[in-house]
Amino acid sequence: MPRRKPRQDRHSGSRPIGDVYGRTEAGPRGDETYIVRTVPGARALKSYRCPGCDHQITPGVAHIVAWAAEGGEDDRRHWHQGCWNGRRTRGITRRWS
Ligand SMILES: [Zn+2]
């Protein structure tokens with residue numbers, strides 16, 4: 001006989017954001033919703049090019065992964081935390097596609 005979990009189910013109608021994928025914030029243009037995840041330094045194993053400053057994020061550096069909620073995780077970009085925080089004023093240095 002299967003046991004029922006007393007845990008609360010996912011809210012019907014809402015997307016599994018939050019615990020699963022990270023938090024949401026406004027994107028660089030301010031009119032989009034972005035999923036934002038923090039990558040701790042211990043999990044940063046590769047180097048990435050930050051679209052905020054066009055410099056490298058070196059391995060071992062904690063940073064941000066963000067992507068448009070509409071676009072999906074395939075379009076994610078890695079940002080320095082400071083660049084992500086200042087994205088609205090700095091803009092991005094290159095087209096994303
Ligand atoms: Zn940067």
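Two residues are taken to be in contact if their C-beta atoms, placed from the backbone, lie within 7 Å. By this criterion, and leaving aside its neighbours within four places in sequence, W67 is in contact with Y34, I35, G72, E73, D75, R76 and R77. The structure is a predicted model, in which local features need a pLDDT of at least 70 and side-chain atom pairs count only at pLDDT 80 or more, while totals for chains, interfaces and linings use all residues. Residues are numbered from 1 along each chain as its sequence is written.

The pLDDT, which is the predictor's confidence in each residue on a scale from 0 to 100, averages 80 over the protein, and 72% of the residues score at least 70. Two stretches stay under 50: residues 9-14, for which the model has 1 contact beyond four places in sequence, and residues 16-20, for which it has 4 such contacts.

With helices (H or I, at least four residues) and strands (E, at least two) taken as DSSP runs numbered from the N terminus, the protein has 2 helices and 6 strands. From the N terminus on, these elements run β-β-β-β-β-β-α-α. Among contacts between residues at least 6 apart in sequence, 43% join residues at least 24 apart.

Strands were considered to pair if DSSP finds at least two bridges between them, and on this basis 4 strands form an open, antiparallel sheet in the order 1-2-5-6. Its edge strands are strand 1 (23-26) and strand 6 (77-79), each of which pairs on one side only. The twist averages 40 degrees from one strand to the next, where axes are lines fitted to C-alpha atoms, for helices over the stretch in contact, and angles run from 0 to 180 degrees between N-to-C directions. Strand 2 (residues 33-39) and strand 5 pair in the antiparallel sense over 6 bridges, and the bridge partner of T38 in strand 5 is I64. Strand 5 (residues 63-68) is also joined to strand 6 by 3 bridges, again with the two running antiparallel; here V65 stands opposite H78, and A66 stands opposite R77.

A residue is classed as buried if 20 or more other C-beta atoms lie within 10 Å of its own, as exposed if 12 or fewer do, and as partly exposed in between, with C-beta atoms placed from the backbone. Buried residues make up 19% of the 97 residues in the protein. A nonpolar core is a set of buried Ala, Val, Leu, Ile, Met, Phe, Trp, Tyr and Cys residues joined through C-beta atoms within 7 Å, and the largest such core comprises 10 residues, namely Y34, I35, C50, I57, I64, A66, W67, W79, C83 and W84. Strand 2, strand 5 and helix 1 (81-85) each supply at least two residues of this core, with strand 5 giving the most, at 3 residues.

A further site was examined in the loop between strand 2 and strand 3 (48-49), where A44 is found. A44 is partly exposed because 18 other C-beta atoms lie within 10 Å. Leaving aside its neighbours within four places in sequence, A44 is in contact with V39, P59, G60, V61, A62 and H63. The C-alpha atoms of A44 and V61, which are 17 residues apart along the chain, are separated by 6.3 Å.
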